[in-house]
There are 4 protein chains.
Amino acid sequence: MILPKSNRLTPAQLAEVTAIVEPFGCGLQPIVGAVRTIYAIVGDERDELMITRIEGLDYIERVDRIQSPHKLMDRRSDLASHRITLGSVTLGEELLVIAGQCTIDPKNPNFLYETAHAVKEAGANALRGGVWKPRTNPYSFQGDVKSLDILMEAHRRTGLPVDAEVMDETQLHLALDAGVHMLQVGARNALNYSLLRAIGRAVADRKTIVLLKRGLHMGPISEFISAAEYIVSFGNPNVLLCPRGTAPALDGYRNHPDESITPLLKEKTWAPVVVDPSHSVGKASYVPACALAAVAYGADGLCIEAHVQPSKGIGDDPKQALTPEVLGETIRQARQLWTLRQPVKTS
Amino acid sequence: MILPKSNRLTPAQLAEVTAIVEPFGCGLQPIVGAVRTIYAIVGDERDELMITRIEGLDYIERVDRIQSPHKLMDRRSDLASHRITLGSVTLGEELLVIAGQCTIDPKNPNFLYETAHAVKEAGANALRGGVWKPRTNPYSFQGDVKSLDILMEAHRRTGLPVDAEVMDETQLHLALDAGVHMLQVGARNALNYSLLRAIGRAVADRKTIVLLKRGLHMGPISEFISAAEYIVSFGNPNVLLCPRGTAPALDGYRNHPDESITPLLKEKTWAPVVVDPSHSVGKASYVPACALAAVAYGADGLCIEAHVQPSKGIGDDPKQALTPEVLGETIRQARQLWTLRQPVKTS
Amino acid sequence: MILPKSNRLTPAQLAEVTAIVEPFGCGLQPIVGAVRTIYAIVGDERDELMITRIEGLDYIERVDRIQSPHKLMDRRSDLASHRITLGSVTLGEELLVIAGQCTIDPKNPNFLYETAHAVKEAGANALRGGVWKPRTNPYSFQGDVKSLDILMEAHRRTGLPVDAEVMDETQLHLALDAGVHMLQVGARNALNYSLLRAIGRAVADRKTIVLLKRGLHMGPISEFISAAEYIVSFGNPNVLLCPRGTAPALDGYRNHPDESITPLLKEKTWAPVVVDPSHSVGKASYVPACALAAVAYGADGLCIEAHVQPSKGIGDDPKQALTPEVLGETIRQARQLWTLRQPVKTS
Amino acid sequence: MILPKSNRLTPAQLAEVTAIVEPFGCGLQPIVGAVRTIYAIVGDERDELMITRIEGLDYIERVDRIQSPHKLMDRRSDLASHRITLGSVTLGEELLVIAGQCTIDPKNPNFLYETAHAVKEAGANALRGGVWKPRTNPYSFQGDVKSLDILMEAHRRTGLPVDAEVMDETQLHLALDAGVHMLQVGARNALNYSLLRAIGRAVADRKTIVLLKRGLHMGPISEFISAAEYIVSFGNPNVLLCPRGTAPALDGYRNHPDESITPLLKEKTWAPVVVDPSHSVGKASYVPACALAAVAYGADGLCIEAHVQPSKGIGDDPKQALTPEVLGETIRQARQLWTLRQPVKTS
């Protein structure tokens with residue numbers, strides 16, 4: 001829908017806009033209102049270049065898109081009936097809980113093994129464990145490939161499927177070769193389209209699940225969904241969307257919690273939403289409340305940091321990780337709320 | 001705590017800073033670190049002018065405050081044991097629910113009377129009804145003093161205590177004279193200190209409860225609490241803090257929901273928190289989830305818009321108001337969650 | 001323009017929407033596109049209630065407005081040719097500079113008298129001086145009515161027109177009775193519609209100029225312009241729009257500088273833009289750069305804090321106020337840039 | 001500096017904190033104030049894990065850092081005297097202007113050749129040309145390696161040094177092998193630490209200049225500078241910092257312009273600042289004002305999109321690109337302002 005700055009396009013302007021849209025297989029349909037005439041684009045309006053060219057004209061106020069830019073991620077696409085299963089949980093049927101350490105300590109593998117057992121006991125369905133870590137400070141510990149073996153050993157000991165964040169193609173292939181069950185793309189790489197494409201290509205056949213974190217900035221929702229479309233367009237629809245807080249932070253938290261975006265995502269896409277309360281708030285004592293809020297908003301799952309001895313952890317664990325006891329109580333309450341909220345409907 | 005830009009103050013600089021703090025009854029204590037010396041302010045550091053003068057010096061990097069600026073609102077003040085009661089509900093003991101119309105329609109008083117009965121039936125403890133309305137557009141309906149009589153009549157018919165937003169001193173005195181049980185300060189007036197002082201003065205003796213909405217901007221939490229201190233400083237501690245979403249909006253909502261601020265408020269102040277999910281999200285279908293999230297975060301109450309026939313309402317009601325059925329179900333679930341979440345603690 | 005969630009409205013939905021718009025004198029015109037049908041509102045679409053009622057329908061995705069909500073402030077209104085003059089400066093013909101103290105010190109009137117002479121000497125066209133001050137902390141100095149006499153005396157001594165911020169009706173009438181030449185509405189009262197109406201009414205005949213600061217939050221531009229429409233709708237078009245930074249602050253400034261909003265304002269309204277760099281950045285050393293940036297963006301004027309002895313000032317002066325020397329150099333450069341930038345045009 | 005929640009640490013708490021800091025070679029020094037005791041960390045406080053562990057303690061309110069986390073980028077490091085030269089321009093001595101197309105059209109290389117000649121004529125010092133493009137929509141044109149040859153040919157024809165954005169290691173090595181003179185890291189990859197490390201390693205010996213764009217989110221300034229530290233830590237100090245607007249956008253621009261961050265950057269780091277006004281505002285007609293504002297704030301350079309026929313461009317060019325005439329006039333004014341603003345100082 002094209003809105004000119006004046007009340008209608010002059011014939012010369014109309015000819016110019018028409019000359020822009022026709023090479024893209026589109027046409028224009030004027031809509032004559034009482035005061036103002038606007039112009040519908042008839043045809044597939046999704047080409048960014050066509051839109052950009054119209055927006056570039058001095059006499060155009062704005063161009064409103066009417067079609068969704070996401071073919072496959074759209075709630076009305078054929079993929080809407082696709083179901084994703086991780087371990088024993090089918091998303092949407094019960095609440096998925098992924099729990100584990102922010103960062104695996106390669107010198108103390110027992111912490112992860114004990115944490116793995118403890119989170120399983122507490123009710124978690126999958127184990128997270130950071131092998132490589134994005135760090136603001138270049139001189140901080142950046143992770144160690146040895147941790148990948150520790151992670152897989154934790155899987156063998158507990159049977160829990162495991163999740164690892166990858167930040168580049170090298171890590172991606174190491175993680176896939178090791179056999180991780182879920183790949184994670186972090187908030188800092190949420191718009192790293194080269195990585196998203198590399199992942200899409202690499203998991204096209206294996207159908208490995210990808211957990212895609214929301215970027216740190218308050219971009220439009222369609223940008224988040226489009227990032228997932230990059231992966232899915234290669235043929236693997238096993239994508240989970242993960243809000244984890246945005247910047248600037250709410251005064252006192254690590255980020256501005258954004259679990260409230262869940263219903264907005266679900267209006268536009270069929271993809272399950274798994275909220276990360278740990279990074280949203282950034283401090284263990286706030287995590288249980290945020291986890292419950294995510295379930296209140298309709299999240300399909302939670303991704304929570306936990307550690308058998310948080311103060312001995314590395315990475316963000318000393319601040320963010322829940323003890324197994326608190327994790328267990330949080331999962332118990334979250335599952336009760338999951339059951340409770342099912343019938344809430346507005347006519 | 002004063003941090004100079006260089007590793008320490010020169011003797012001349014130290015003398016200059018000392019000359020600033022002494023008239024305010026304070027002194028300086030150098031803290032000699034390995035690389036850098038910083039300077040503690042010894043004494044009552046709360047005077048803004050003293051801080052501003054130090055911050056104005058070219059060689060000062062920043063001044064970090066250590067004391068809370070809120071004497072009375074502080075969680076450690078004597079008021080911390082104060083309990084606020086509205087109608088039959090003592091805040092903190094059970095979940096308070098205020099419900100009712102955004103804007104009373106002075107031509108159709110029956111809508112409010114029916115809504116009042118319906119929200120009481122649905123489990124609400126108090127009735128809200130907008131008499132005057134802040135409107136972006138100066139040509140929109142701005143409210144009608146006749147609606148005040150309608151509101152009081154609704155109180156008489158149902159026994160529910162009633163709440164009205166006031167935007168200036170004239171409205172304040174009309175509302176108090178009519179006998180409303182709770183005054184509301186809207187988000188647009190959250191930093192209108194003249195109004196806050198006028199209210200503080202007017203309710204000092206009557207002890208009328210004041211519901212103070214959070215401002216539309218993402219200011220620091222202390223600014224919100226200080227606004228309440230304006231009222232409380234006149235002698236009436238019956239203040240409720242009301243997050244209701246901030247700008248810029250999350251893409252698709254009316255505002256950016258901010259119920260997550262609740263635990264941060266509770267760390268700093270004893271005042272109860274009553275969340276308004278209706279303005280946070282701005283659309284009826286999203287309100288129940290937001291209400292539950294508020295309870296998940298520890299809110300002491302909810303302020304929800306409801307209407308017996310939302311589509312016939314004026315103001316924001318056609319978009320935001322819940323039907324009595326949805327309100328009832330939301331209250332039921334919120335109260336269950338209130339009970340459920342009590343024992344969640346982190347060591 | 002009404003966009004349904006599905007590809008077109010059902011006959012029953014179409015009838016429901018029609019029944020909503022008809023009482024407002026409007027009709028619907030379907031616009032049949034290749035995939036989707038949307039619906040233009042034919043008639044005056046500015047009534048908020050009509051729009052709200054349509055937005056309240058479950059099957060509507062959104063309603064896009066096509067008409068400007070500002071009748072009088074609109075760049076295409078008859079007022080577009082109105083010129084505003086303060087002292088010897090006609091806005092738009094030369095750069096207006098308002099300078100002076102944040103807060104007048106009632107115990108030391110000579111500071112203002114000396115500052116008034118100094119800013120005149122430095123090239124300023126008008127004098128600002130805070131009589132009453134909005135303060136976050138209720139226990140801080142809130143201003144003193146005696147300062148109003150000091151301000152008017154400074155006017156008599158220098159001939160400079162004077163500007164005072166008012167925060168309520170009492171202050172408004174005191175200031176007008178004293179004879180101030182310009183009223184200022186602060187950022188915290190930018191959406192205080194009761195005050196805006198009171199000012200509009202009070203200055204309708206006197207035609208006193210009103211400087212309206214932008215609110216602290218990042219609301220849409222139309223909200224800012226609508227606030228001015230409140231005043232102008234009473235008959236006085238002498239309104240100046242004043243960006244002064246928004247929250248959250250850029251890391252290290254008092255606010256997030258927003259002089260860049262100037263071209264956006266000028267596309268929508270004829271009202272002159274006077275930027276306040278002092279509150280935007282909050283520290284004297286950053287103010288000259290911000291002032292120049294405002295002129296680069298096309299500002300018609302600047303409102304700058306200055307003091308003959310900043311460190312002796314009260315309010316924000318010790319941090320924000322320029323010395324007369326720096327003010328003079330800033331004005332000189334700003335006026336050179338004003339001349340320089342005139343011919344920059346994009347075809 | 002450690003601030004406990006209570007007025008002082010208990011002996012047991014003090015022992016616990018001491019046990020945390022000692023393995024990192026640090027100690028604690030209590031600073032006894034009138035009401036409250038706080039604790040200085042004596043030693044190198046830069047280890048994130050040590051800080052995280054202290055922050056993880058329940059009785060700690062916050063830990064304030066006193067040392068800069070950036071060893072090499074710090075304004076006080078030995079690198080502060082390093083000068084960066086691109087083509088004939090030494091940063092800091094005259095205004096650097098990089099200009100050219102958002103995206104090279106591989107089917108129409110003449111557009112770039114003509115644009116290269118035109119921007120050189122208009123006064124630009126270097127040529128930009130997008131070879132690969134980050135695109136929100138996975139189905140949009142993503143760039144073509146053939147454009148790299150076109151870019152180098154434009155260099156040979158004009159002698160202008162050329163700049164190309166790279167998004168992954170493959171592109172990085174292709175660009176370096178082709179001989180580009182400057183690499184660009186885009187806003188979406190601003191926190192892609194794997195890419196930053198790969199670049200740092202690849203340019204350690206060649207000393208290729210890297211233009212690092214600021215991320216889309218409003219993160220703290222230190223995060224931006226730390227991203228540059230990643231590159232510089234490998235041994236090449238030729239890094240330029242490039243603000244280019246952040247999200248959420250100012251209502252009507254592509255982003256929220258952030259050239260105002262320049263003075264804040266210059267307080268913390270020695271690295272030159274080159275502002276991109278084209279992405280900040282996103283529309284050609286707003287670009288010249290934003291470019292001047294950047295110079296007003298002290299930018300050392302500008303990176304501007306230009307095209308001989310903007311409407312025929314691909315990528316963002318139809319909206320953002322200046323014509324050579326407008327570019328020339330903008331450069332002329334920017335250079336005049338650069339000269340004008342030199343003596344503005346605040347005492």
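Biologist: UniProt positions are given in the numbering used here, with shortened feature names, and annotations may be inferred rather than shown by experiment. With that said, which residues of chain A does the "domain: DAHP synthetase I/KDSA" annotation cover?

Modeller: According to the unreviewed UniProt entry, that annotation covers residues 92-333 of chain A, and please keep in mind that what we have here is a predicted model.

Biologist: How much helix and strand is there over residues 92-333 of chain A?

Modeller: Over that stretch chain A is 40% helix and 14% strand, with its end C-alpha atoms 18 Å apart.

Biologist: And how is chain A divided into domains?

Modeller: The assignment gives domain 1 as residues 2-63 and domain 2 as residues 78-341 of chain A, and the centres of these two domains, taken over C-alpha atoms, are separated by 43 Å.

Biologist: Changing topic, what area is buried between chain B and chain C?

Modeller: About 4300 Å² is buried between chain B and chain C, with carbon and sulfur atoms giving 52% of that area. On the chain B side, the residues that lose the most area to chain C are Glu48(B), Thr136(B) and Tyr139(B), which together make up 13% of what that side buries. The contact draws 49 residues from chain B and 49 residues from chain C.

Biologist: How many salt bridges are there between chain B and chain C?

Modeller: The count between chain B and chain C is 4 salt bridges; one of the pairs in a salt bridge is Glu55(B) with Lys319(C), whose side chains meet at 3.0 Å, N to O.

Biologist: What about chain A and chain C, how much do they bury between them?

Modeller: Chain A and chain C bury about 1700 Å² between them, 52% of it on carbon and sulfur atoms. In chain A, Lys5(A), Ile31(A) and Ile66(A) lose the most area to chain C, together 23% of what that side buries.

Biologist: How many salt bridges and polar contacts are there between these two?

Modeller: The count is 0 salt bridges between chain A and chain C, while 2 residue pairs are in polar contact there, both residues at pLDDT 80 or more. Strands β2 (27-32) and β3 (37-42) of chain A each supply at least two residues of the side that touches chain C, and that side has 11 nonpolar, 4 polar and 8 charged residues.

Technical notes: Residues numbered from 1 in each chain as written. Chains lettered and ligands numbered in written order. Predicted model: local features only at pLDDT ≥ 70, side-chain atom pairs only at ≥ 80, totals over all residues. Heavy atoms only, no water. Helix = DSSP H or I, 4+ residues; strand = E, 2+ residues; numbered from the N terminus. Contact = heavy atoms within 4.5 Å. Buried area = accessible area lost by both parts, 1.4 Å probe. Domains from an automatic or database assignment. Polar contact = N/O pair within 3.5 Å; in protein donor to acceptor, adjacent residues only side chain to side chain. Nonpolar A, V, L, I, M, F, W, Y, C, P; charged D, E, K, R; others polar.
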